[in-house]
Amino acid sequence: MIAVERGERDRLASLSMYLEYVRVAGLGPFDQLDLDLCERPGEPRLSTVIYGEGGTGKTTLLSAIAATRPAHHVVQTSVWRRPGTNPHAVCHWRLGSEDPDRPHPLKVSTPGFTVESDDAEEQLRRRELVHFDRVLSEKGGFAFVGLPGTRRYPRANLVIGDPARTVLKVDTRGAPGFHDPAAVELTRALKLVLAYAGIATSLAGDGKGESSSDPRVLGVALREALDELLGLIGYRYRGVSPRTFEPRFETAAGEVLPFDGLPIQARQLVTFATLPIHQFWVANNFADPRGCEGVVLIDDVELNLSSAVQAELLTALRRVLPRAQWVLSTASPE
């Protein structure tokens, strides 16, 4: 295992935040919904499962969270807005070690909505938000992944470009997510991350580079995560092909398959491992993602998964990224 020294990891992840409270009003089916994600005040839960049948507002809730977060708070134009109301969403994000003398949440609202009743407090909130937006845009440090239920895996060729413009670029929007109401096609993004990790890990060899930028950290974390989740169906990750750089996987029967040859259940599990691991790694300046905090939303998490996999999935996800906050929605009682 390749690890980052604790002090370095904590410094790099110092802008981490967890979600502790959500209010949605006038959006979708909600007149007003208040959701507390804390075990106790100031201690956010690391796993929450939101259960409900279709049409009960699960996607609206996750969309509100995705659109109301540091460095990317936007008006939700894709969600039905109830007439006669003031549609808005407010999220409280628990700050990490930024202000230890004054522990408090960072309150992020839909643009234009006033959160505090006192004008002076509202101005202070907005100034603080501007400050954190700037810091996150310049330095990263906040890992957020949003995976909508419209996940698609069309066949796509692997395209490798300048890593500085692709896999190494800090994207404050997180992984492809709820900001796009259309179906999200994930094949190309998954192949690129896995190919980069495999190639960079091989090129690094036994060289001793700086721990905070050693690409082997990503390669090891991805392999462990993929084997953990794919192990639920008896598959494992075989790495990238030395001829085509395409990622390869092995079935329980020993058959080696490319990503495009995987059944849809396996592709879903590859997504749940690859995109969060990559986003945590790049958002935290290439620190070991297994030691970093962040938030992962997955809508309709049960899609194409067997009942046996559904029953084991949350425990497996917690092992993959033990310091991540998982918020999952599902219509399955499993």
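A: Let's start with D300, which lies in the loop between β14 and α7. These names come from DSSP runs numbered from the N terminus: helices are H or I runs of at least four residues, and strands are E runs of at least two. The phi angle of D300 is near 50 degrees, a positive value in a residue other than glycine. N304 lies in the loop between β14 and α7 too, and its phi is near 65 degrees, again positive in a residue other than glycine. N304 counts as partly exposed because its relative accessibility is 45%; buried means under 20% relative accessible area, exposed over 50%, and partly exposed in between, using a 1.4 Å probe and protein chains only.

A word on how to read this: the model is predicted, so local features need pLDDT of at least 70 and side-chain atom pairs count only at pLDDT 80 or more, while totals for chains, interfaces and linings use all residues. Residues are numbered from 1 along each chain as its sequence is written, and side-chain values use heavy atoms, with hydrogens and water left out.

Now step back into β14. Strand β14 (residues 294-298) pairs with strand β15 (residues 324-330) in the parallel sense, over five bridges; two strands pair if DSSP finds at least two bridges between them. Within this pair, L297 stands opposite V327 in β15. Strands of a sheet pair through backbone hydrogen bonds, either parallel or antiparallel.

β14 and β15 belong to an open sheet of four strands with parallel pairing, in the order β5-β15-β14-β8. At the edges stand β5 (47-51) and β8 (144-147), each with a single partner strand, so one side of each has no neighbour in the sheet. From one strand to the next, the twist averages 10 degrees. Helix α6 (residues 264-283) packs on this sheet and touches β8, β14 and β15, where touching means heavy atoms within 4.5 Å. The direction of α6 makes about 155 degrees with that of β8; such angles run from 0 to 180 degrees between N-to-C directions of lines fitted to C-alpha atoms, for helices over the stretch in contact. Helix α7 (residues 307-320) also packs on the sheet, touching β5 and β15, and its direction makes about 160 degrees with that of β15.

What does α7 look like along its length? Its 14 residues should span 20 Å at 1.5 Å a residue, and its end C-alpha atoms are 20 Å apart, which agrees; the expected span is 1.5 Å times one less than the number of residues. α7 has a kink of about 45 degrees centred on L313, a bend taken between axes fitted to the seven residues ending at a residue and the seven starting there. L313 is one of the buried residues of α7, along with V309, Q310, A316, L317 and V320. An α-helix has 3.6 residues a turn, so residues three or four places apart point the same way. The cover over the buried residues of α7 includes α5 (216-230), α6 and β15.

Finally, follow β14 to its other partner. Four bridges join β14 to β8, and the two run parallel; G146 stands opposite L297 in β14. In β8, F144 and G146 point one way, V145 and L147 the other, and all are buried. In a regular strand the side chains alternate between the two faces of the sheet.
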